[in-house]
Amino acid sequence: MSARRAVASLPRIGVTIGHLPQKLKTGGIEPSRRARLEVLRRIVTRTVREERVELKWNRAVEARPYIERLIQLGVERGPLDEYTAEMMEWWLPEKDLITKMHDVLVPRFQNRESPFTSLFRLPPQRLQQFIQNKREIWKRYDIGVLEIYGNPFPAVQAARLEQSDSILDILLTDALRNHHEDLQEKLNVSKSK
Amino acid sequence: MKVPVRSLFALRKASTAVSAAEAIPLTAVLSSEFFDHIRHQIYGDSKKVEKVVVKVLAEDSEKPVLVNRNVSTPFHCFNHISKQFADDAVLVEVIPSVGGAYFSSVNEPIQDQSDIRKIGFDSIENLNLVNEAYWRSCSLVTAGFLKEALDVDVDFEFPRGSIQDGYFSVAVKGLDGNVFTPDELNTINRFGKTYIRESKPFEVISLPKTIAEESGINGDYLIRIGQQVFPTDGPVISSTQQIGRFTILRSKLAGRSGKKVIVGGVSIPSKQMTSSYSWSLIAKNANQKFSKNN
């Protein structure tokens with residue numbers, strides 16, 4: 001089955017696809033038209049293996065729809081489908097990951113709708129880029145955390161704690177109550193007039 | 001920032017020709033040198049260092065730390081975990097090897113081998129203690145910068161207040177019944193913001209009863225913020241860095257014939273961020289409540 005027909009038979013993936021293709025630096029990879037895909041393949045492979053990865057923000061944004069589509073292919077069409085097998089083989093060159101995809105990840109999302117991944121933005125970090133003539137070159141990077149749902153790591157975002165006794169909540173609750181009372185009073189006065 | 005407030009009040013002082021006639025016994029005593037003297041009296045010579053092991057209890061780990069007895073504070077111990085961990089600590093629960101557990105300020109020297117646990121603004125347990133300490137600290141900071149800003153000798157009293165009141169207050173003695181005008185309040189608020197931004201630590205000494213009685217101090221703790229020293233009756237926060245939005249609302253006379261001026265304000269911790277709109281509601285509510293209460 002051609003890629004166009006296979007993709008048309010699938011539902012839309014549940015993540016935003018950027019209208020502008022992100023620029024991905026492909027240093028270290030032989031320059032070619034596929035160098036960009038090679039970068040994405042490495043990210044997808046790493047994400048499937050580790051289930052949570054920290055990347056440059058633009059790489060994380062770009063790689064996310066590919067991971068989503070790959071998991072969706074596994075969920076919707078199963079391991080016996082020719083096109084799915086071809087895609088798995090290309091995107092996951094390490095064979096144990098194909099097994100992991102079909103035996104671990106796909107069953108996890110059988111009864112669940114897309115999205116299967118989440119993306120968090122971390123504060124920018126200043127990281128060393130390279131050293132040139134003993135001079136350190138540093139650069140600010142936007143960092144994204146890309147993860148597959150149901151991973152074994154602690155949550156990136158802490159669960160919101162019950163903080164009704166915090167100073168802000170006590171003061172704000174009181175202020176809002178009095179504000180509403182004032183408004184109600186004004187309303188009653190204007191009605192009686 | 002410092003000059004305008006001084007000159008403002010000095011001008012008013014000259015124009016109204018008032019003299020500070022009230023007796024201010026404690027101001028002369030509570031100086032920075034006096035604080036050092038009391039610290040030396042309680043904790044001994046800091047040149048003689050004795051080591052103790054303090055265990056820092058974190059959420060799912062514990063770390064033993066070797067510190068200097070009567071010199072190091074829980075803040076120093078928390079710094080062994082991380083700077084952020086130390087900066088987040090508002091109070092500390094001390095579980096000594098002998099005796100019962102108690103709560104103390106983060107900058108109070110450790111006197112013996114003990115386990116310590118951080119309490120922050122995000123703690124679930126003991127949040128009322130944190131709130132009380134924060135409110136107390138706000139009053140002390142207000143007193144601290146008023147004392148630095150004003151050109152007259154003033155003394156302070158700290159009326160007991162709670163968060164539920166909606167505002168904190170400080171009674172100022174020595175102003176001869178002169179309340180602050182809105183312009184003066186603006187200048188004071190600007191000065192206060194600069195003062196808080198300097199991240200001044202609250203240095204704390206726990207006063208034994210005998211020394212407190214000898215020195216005529218009415219309080220369980222002696223606090224030093226910058227160069228200003230005040231007695232207080234409970235633990236305080238670690239530094240002015242933990243104070244977020246802060247405003248002095250207004251001042252009024254205490255009672256009908258009193259010469260004491262009560263200054264009221266409201267504040268929220270820097271960790272508890274809010275929008276300008278919410279803050280304006282809080283400040284307005286606090287102002288109304290402060291004006292209504294006698």
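In the predicted model described here, H2(A) passes H3(A) in a right-handed crossing. A crossing is right-handed if the near helix is turned clockwise from the far one by less than a right angle, and left-handed if anticlockwise. The model is predicted, so local features need pLDDT of at least 70 and side-chain atom pairs count only at pLDDT 80 or more, while totals for chains, interfaces and linings use all residues. Residues are numbered from 1 along each chain as its sequence is written, and chains are lettered from A and ligands numbered from 1 in the order in which they are written.

Helix H2 of chain A spans residues 35–50, and helix H3 of chain A spans residues 57–77. Helices (H or I, at least four residues) and strands (E, at least two) are DSSP runs, numbered from the N terminus. The two helices pack at an angle of about 65°, and their axes are 9 Å apart. Axes are lines fitted to C-alpha atoms, for helices over the stretch in contact, and angles run from 0 to 180 degrees between N-to-C directions. From H2(A), the contact takes A:Leu40, A:Ile43, A:Val44 and A:Thr47. From H3(A), it takes A:Arg59, A:Glu62, A:Ala63, A:Tyr66, A:Ile67 and A:Leu70. Two residues are in contact if their C-beta atoms, placed from the backbone, lie within 7 Å. By class, the residues of this contact are seven nonpolar, one polar and two charged. Ala, Val, Leu, Ile, Met, Phe, Trp, Tyr, Cys and Pro count as nonpolar, Asp, Glu, Lys and Arg as charged, and the others, Gly among them, as polar.

Elsewhere in chain A, A:Asn151 lies in the loop between strand S3 (135–148) and helix H6 (167–192). A:Asn151 is partly exposed, because 17 other C-beta atoms lie within 10 Å. A residue is buried if 20 or more other C-beta atoms lie within 10 Å of its own, exposed if 12 or fewer, and partly exposed in between. Leaving aside neighbours within four places in sequence, A:Asn151 is in contact with A:Glu51 and A:Arg52. A:Glu51 is 100 residues away along the chain, yet the C-alpha atoms of A:Asn151 and A:Glu51 are separated by 5.9 Å.

Chain B holds nine helices and twelve strands. Of its 294 residues, 39% count as buried. Among contacts in chain B with a separation of 6 or more, 67% join residues 24 or more positions apart.

One open sheet of chain B has five strands in the order S2-S1-S5-S3-S4, with mixed pairing. Its edge strands are S2 (62–68) and S4 (102–105), and each pairs on one side only. Two strands pair if DSSP finds at least two bridges between them. Neighbouring strands of this sheet are turned by 35° against each other on average, direction ignored. Within the sheet, S1(B) (residues 51–57) and S5(B) (residues 114–119) pair in the parallel sense over four bridges. Here B:Lys55 stands opposite B:Asp115 in S5(B). S3(B) (residues 91–96) runs antiparallel to S4(B), and four bridges join them. B:Leu91 stands opposite B:Ser105 in S4(B). The hairpin of S3(B) and S4(B) has five residues between the strands, and in it B:Gly99 takes a positive phi near 100°.

A second open sheet of chain B has three strands in the order S8-S9-S10, with antiparallel pairing. S8 (202–206) and S10 (228–232) are its edge strands. The twist averages 25° from one strand to the next. S9(B) (residues 221–225) is joined to S10(B) by five bridges. B:Tyr221 stands opposite B:Thr232 in S10(B). Helix H3 (residues 32–43) of chain B lies across S8, S9 and S10 and runs at about 135° to S9(B). H6(B) also packs on the sheet, touching S8, S9 and S10 of chain B, and its direction makes about 145° with that of S10(B).

H6(B) (residues 127–149) also meets H7(B) (residues 182–197), their axes coming within 10 Å and crossing at roughly 115°. That makes H6(B) roughly perpendicular to H7(B). Angles of 65 to 115 degrees count as roughly perpendicular, under 35 as roughly parallel, over 145 as roughly antiparallel and the rest as oblique. The crossing is right-handed. B:Val141, B:Phe145 and B:Ala149 of H6(B) meet B:Ile188, B:Phe191, B:Gly192, B:Tyr195 and B:Ile196 of H7(B). This contact has seven nonpolar, one polar and no charged residues.

Between the chains, 19 residues of chain B are in contact with 13 residues of chain A. On the chain B side, H6, strand S12 (261–269) and helix H9 (276–292) each give two or more residues. The largest share, five residues, comes from H9(B).
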